[in-house]
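Student: Could you take me through this model feature by feature, giving the general idea each time and then the case at hand?
Tutor: Gladly; let us look at it together.

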Amino acid sequence: MISKNVLYQVSPCLQLLTAYATKCGAGGGKAGGKSKHSIRYRPYCPPPWKQHDIKNMDLNRPMSPHLTIYAPTLPAMTSIVQRITGVIVLSYTLLLAFGTLFLPNGIDSYVSMIQSLDLSRLVIFLIKIILGAPFVYHYFNGIRYCAWNAGKWLALTDVFETAKKSFILTAVFTVLFAFL
């Protein structure tokens with residue numbers, strides 16, 4: 001008597017169906033007896049197509065975690081800010097390059113126009129901080145990433161320590177450069 005069938009995929013075209021006998025040794029070691037296993041081949045039938053999410057719900061698979069589930073960590077935030085400051089620095093560079101190529105009268109006329117606005121020292125200082133902070137942060141945090149690529153500062157304590165140092169150095173040098 002056959003109690004359970006186990007299905008093994010042999011190739012894309014065939015499936016191997018092995019039937020096991022319920023009793024141990026039933027028909028198996030007899031001189032003229034039958035084998036305890038029998039093998040039958042059937043053509044392969046692919047499973048019906050389902051959408052990814054529906055298939056995962058039918059199989060009761062858990063949803064993948066998302067950024068909204070995890071609390072933000074310092075290494076993740078430094079990576080995100082590094083990418084954002086990289087885009088800001090790139091946009092500064094592209095604006096300056098296209099400005100020198102396509103603006104009439106050259107940069108000097110626009111610098112004199114900005115100077116003619118007669119902005120206060122505090123406003124100029126704040127503008128320098130806002131424009132300079134992405135450069136400084138991207139520089140100091142980039143040093144961290146270069147060190148990581150060299151295999152340095154990879155311990156978790158070093159990662160947090162260098163992140164804090166890059167923030168402190170960014171604040172100090174941004175203010176220092178804004179005073180110039």
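Student: Which secondary structure elements does the protein chain have, and in what order do they run?

Tutor: The secondary structure comes to five helices and three strands, and from the N terminus on the elements run β-β-β-α-α-α-α-α. Of the 180 residues of the chain, 17% count as buried. Among contacts between residues at least 6 apart in sequence, 53% join residues at least 24 apart.

Student: Where in the protein chain is confidence lowest, and where is it highest?

Tutor: The general idea is that, where pLDDT is low, the predicted coordinates should not be read in detail. In this chain the average pLDDT is 83, with 81% of the residues scoring at least 70. Confidence is lowest in strand E2 (residues 14-21), with a mean of 43, and highest in helix H4 (residues 121-149), with a mean of 97. Over residues 1-29 the pLDDT is below 50, and this stretch has 60 contacts in the model beyond near neighbours in sequence.

Student: At what angle do H2 and H4 pack, and how far apart are their axes?

Tutor: For a helix pair one reads the angle, the axis separation and the handedness together. H2 and H4 pack at an angle of about 125°, with their axes 9 Å apart, which makes H2 oblique to H4. H2 passes H4 in a left-handed crossing. The residues that meet include Thr78, Gln82, Ile88 and Tyr92 in H2, and Leu131, Tyr137, Asn141 and Tyr145 in H4. By class, the residues of this contact divide into ten nonpolar, eight polar and one charged.

Student: Is Asn141 buried or exposed, and which residues is Asn141 in contact with?

Tutor: Asn141, which is found in helix H4, counts as buried because its relative accessibility is 0%, the cut-off for buried being under 20%. Leaving aside its neighbours within four places in sequence, Asn141 is in contact with Thr78, Gln82 and Ser166.

Student: How do H2 and H5 cross, and which residues meet there?

Tutor: The axes of helix H2 (residues 74-102) and helix H5 (residues 156-179) come within 10 Å and cross at roughly 45°, and the two helices are therefore oblique to each other. Their crossing is left-handed. Leu74, Pro75 and Thr78 in H2 meet Val159, Phe160, Ala163, Lys164 and Phe167 in H5, and by class this contact has six nonpolar, one polar and one charged residues.

Student: What is the handedness of the crossing of H4 and H5, and at what angle do their axes cross?

Tutor: The crossing of H4 and H5 is right-handed, with axes that come within 8 Å and cross at roughly 145°. By class, the contact of H4 with H5 has 16 nonpolar, six polar and two charged residues.

Student: Is Thr170 buried or exposed, and what is Thr170 in contact with?

Tutor: Thr170 lies in helix H5 and, because its relative accessibility is 9%, counts as buried. Leaving aside its neighbours within four places in sequence, Thr170 is in contact with Ala133, Val136, Tyr137 and Phe140.

Student: Which residue in the loop between helix H1 and H2 deserves a look at its backbone, and what is its phi?

Tutor: As background, most residues other than glycine have a negative phi. Asn60, found in the loop between helix H1 (52-58) and H2, has a positive phi near 55° although it is a residue other than glycine. Asn60 counts as exposed because its relative accessibility is 67%.

Student: What is the phi of Asp118, and where does Asp118 lie?

Tutor: Asp118 has a positive phi of about 55° although it is not a glycine, and Asp118 lies in the loop between helix H3 (106-115) and H4. At 69% relative accessibility, Asp118 counts as exposed, since the cut-off for exposed is over 50%.

Methods. Residues numbered from 1 in each chain as written. Predicted model: local features only at pLDDT ≥ 70, side-chain atom pairs only at ≥ 80, totals over all residues. Heavy atoms only, no water. Axes fitted to C-alpha atoms, helices over the stretch in contact; angles between N-to-C directions. Helix = DSSP H or I, 4+ residues; strand = E, 2+ residues; numbered from the N terminus. Parallel < 35°, antiparallel > 145°, perpendicular 65-115°, else oblique. Left-handed = near helix turned anticlockwise from the far one by under 90°. Contact = heavy atoms within 4.5 Å. Nonpolar A, V, L, I, M, F, W, Y, C, P; charged D, E, K, R; others polar. pLDDT = per-residue confidence, 0-100. Buried < 20%, exposed > 50% of the residue type's maximum accessible area, 1.4 Å probe, protein only.
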